[in-house]
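Try each task before reading its solution.

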Amino acid sequence: MFTGIIETTGEVLALEPRGESGRLVVRAEALAQEMHVGDSVAVNGCCLTAAELEAERGWLGFDLLHETLRVTALGDLKKGHRVNLERAMRAGDRFGGHWVQGHVDAASSVAGLEAVGADYKLTVNLPQEAAGLVIPRGSIAVDGISLTAAELGSDRFSVWIIPHTWKMTNLSGRRVGDRVNLEFDLLGKYVLRALQLRDTGRL
């Protein structure tokens with residue numbers, strides 16, 4: 001479980017295809033010093049297991065399943081790309097964001113990104129099948145970042161980014177057309193599923 005509060009960013013060293021799967025290697029010197037093989041970390045909001053690490057050289061290796069590459073935007077990564085990193089939360093940690101499982105629901109494209117004064121407005125296309133999972137002022141994780149849906153249309157939503165978040169995450173490197181990982185609010189997904197089952201007479 002995560003909170004959507006990004007600890008640091010890492011630099012992609014390689015994304016190696018392995019059949020229909022892959023191996024992602026990320027330089028993150030501070031995390032590599034503190035983590036162990038088997039630890040969980042959210043990479044752009046996707047919960048991955050550290051399968052290999054080299055503390056002295058400051059890198060971490062993650063195995064990517066075919067399903068992970070299919071559902072997320074991790075397959076778009078290239079050498080030098082910046083990724084958001086958050087370790088799994090510990091019992092007793094401060095809870096600064098919202099419940100984030102690290103289970104990406106969809107990858108969708110950036111529709112707009114503009115500076116407004118000192119802040120930034122990010123607009124993302126909303127997949128039709130997820131239209132019922134976003135509400136105004138509701139929580140949503142974009143590339144693992146806990147954000148609030150400030151504006152909601154029929155096919156897109158917008159969030160506002162403060163300067164600190166812009167500086168500390170990968171959003172400053174995003175461009176229109178880039179795909180980002182989306183995880184919708186956990187409670188909303190359960191409610192929508194229950195309503196679907198009720199409507200089909202299965203609940």
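**Exercise 1.** How many bridges join strand β4 to β5, and do they run parallel or antiparallel?

Before the solution, a word on the source: this is a predicted model, in which local features need pLDDT of at least 70, side-chain atom pairs count only at pLDDT 80 or more, and totals for chains, interfaces and linings use all residues. Residues are numbered from 1 along each chain as its sequence is written, and side-chain values use heavy atoms, leaving out hydrogens and water.

*Solution.* Start with the terms: strands are DSSP runs of E with at least two residues, helices are runs of H or I with at least four, and both are numbered from the N terminus. Two strands pair if DSSP finds at least two bridges between them. Strand β4 (residues 46–54) is joined to β5 by four bridges, and the two run antiparallel. Within this pairing, Ala-50 stands opposite Phe-62. Finally, look at the connection: four residues separate β4 and β5 in a hairpin, and Gly-58 in the turn has a positive phi of about 75 degrees.

**Exercise 2.** Find the bridge partner of Gly-22 in β5, then decide whether β5 is largely enclosed.

*Solution.* Strand β2 (residues 21–27) pairs with β5 in the antiparallel sense over six bridges. There, Gly-22 has Leu-64 as its partner. Next, apply the burial cut-offs: buried is under 20% relative accessible area, exposed is over 50%, and partly exposed is in between (1.4 Å probe, protein chains only). In β5 (residues 59–64), five of the six residues are buried, so the rest of the structure largely encloses this strand.
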